[in-house]
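Thanks for coming. I have one structure to go through this morning, and I will keep it short.

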Amino acid sequence: MSSAVAASDGHNNVYDRSTKTNRENVDTESSEIIGNDKHRYRKGKFLGKGGFARVYEITDVETGRVLACKEIRKASVAEPRTWAKVVSEINIHKKLRHTNIVQYEHFFEDNECVYIVLELCSNKTLLELLKTRKRLQDFEVKYYMLQMLAALQYLQAKNIIHRDLKLGNLFLSGDMKIKIGDFGLAAKCDDGERRQTLCGTPNYIAPEILDKRGHGYEVDTWSMGVILYTLLVGYPPFESSNVKKTCKLIKSNSYSIPSEMNLSESATDLITSILNSDPEQRPTLEAILVHPFFITGPTTDTLPISALTVAPKYT
Ligand code: ADP
């Protein structure tokens, strides 16, 4: 099992697992050292928990560089299909290098866990940001969306569909830049090929996935539409009390833009054009970039960290 990852990474872990482990438990958790013969890290604070992973802040003992480490217990991914997902996540993520994608560094393993070392995104995700801020202003939404679009253009050029774009997978770096993360459901999609796997979180999932029509890059565009709506309105367009109802609402394209939110005409038009049930009718990323929502009105290239908690003023 472990050799599947080692063979696919290029950084072979030459640790002799039969005689020793590369985890050195010292007295306290804060002084725990993890790593392999090439890299040694001091394990720091717990950052969060995902489906299979626990994520920690780690510090490179030699360079002092602070990173994030996704720790996946091998026992929790022992089932071959689950293990294949971990291998696929690593294989896709390791080939990506873009300023708006969480940078993959490398992975290593010991008897119990696989560790994926990633760029640290110290300002959490857009999910936490929106929980605190409730709704964002147009110029902030443009700022975040333009960075997501840049990352998506890069992914499309590499024939990769993310398939799980949602607020919780849109990380924020220390300087408030968007970093798309979590490639656990991503797929490499060669031209013309339509993927059939049912995956993704219901609120952001495209109707063609629910209808098992086969799907392509347009599913990520759909999720961008859901994200755009959510950031401006404060909750997702197809939100309901349960998963089944949400799926029904998505399939019938039943959503409305509440008038009391006073969305701009251009924002309303962009949401409506992206949330089209027919994937072929959705705008391309290039068309989205020249939509009036992006080319008119205030924009910004930077946001202060205070924008995590209070609405920034446009100056
Ligand atoms: P899973 O793939 O198991 O769902 P995630 O990638 O969603 O795991 O990570 C779980 C949580 O860990 C995230 O919600 C976030 O709080 C934290 N996290 C993940 N990656 C990073 C990172 N690169 N920097 C900072 N925190 C992270």
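I will start with the whole protein, then turn to the ligand, a pair of helices and one leucine.

What you see is a predicted model. The protein has ten helices and ten strands. Of its 315 residues, 35% are buried. If we take the contacts with a separation of 6 or more, 60% of them join residues 24 or more positions apart.

Now the ligand. How many residues surround the ligand? There are 19, and the closest are G48, G50, A53, V55 and A68. Two strands to look for are β2, residues 40–49, and β3, residues 53–60, each of which supplies at least two residues of the shell. The strand that gives the most is β2, with three residues. Sorted by class, the shell around the ligand holds ten nonpolar, six polar and three charged residues.

Next, K70. UniProt lists K70 under "binding site", and the entry is unreviewed. You will find K70 in strand β4, which covers residues 66–73. Is K70 buried or exposed? K70 is buried, because 26 other C-beta atoms lie within 10 Å, and the cut-off for buried is 20 or more. Setting aside its neighbours within four places in sequence, K70 is in contact with A53, V55, Y115, I116 and L118.

On to the helices. Two packed helices are described by the angle between their axes and the distance between the axes. Here the pair is α6, residues 218–233, and α8, residues 265–274; their axes come within 8 Å and cross at roughly 150°. The crossing of α6 and α8 is left-handed. On the α6 side, the contact is made by T221, W222, M224, G225, L228, Y229 and L232. On the α8 side, the residues are A267, L270, I271 and I274. By class, the residues of this contact divide into nine nonpolar, two polar and no charged.

Last, L127, in helix α3, residues 126–133. Why does L127 count as partly exposed? L127 has 14 C-beta neighbours inside 10 Å, and partly exposed means a count between the limits of 12 or fewer for exposed and 20 or more for buried. Leaving out residues up to four places away in sequence, L127 touches L167 and G168. From L127 to I101 there are 26 residues in sequence and 17 Å in space, C-alpha to C-alpha.

That is the end of my part.

Key:
Residues numbered from 1 in each chain as written. Predicted model: local features only at pLDDT ≥ 70, side-chain atom pairs only at ≥ 80, totals over all residues. UniProt positions renumbered as here; feature names shortened; annotations may be inferred. Helix = DSSP H or I, 4+ residues; strand = E, 2+ residues; numbered from the N terminus. Contact = placed C-beta atoms within 7 Å. Near = placed C-beta within 6 Å. Nonpolar A, V, L, I, M, F, W, Y, C, P; charged D, E, K, R; others polar. Axes fitted to C-alpha atoms, helices over the stretch in contact; angles between N-to-C directions. Left-handed = near helix turned anticlockwise from the far one by under 90°.
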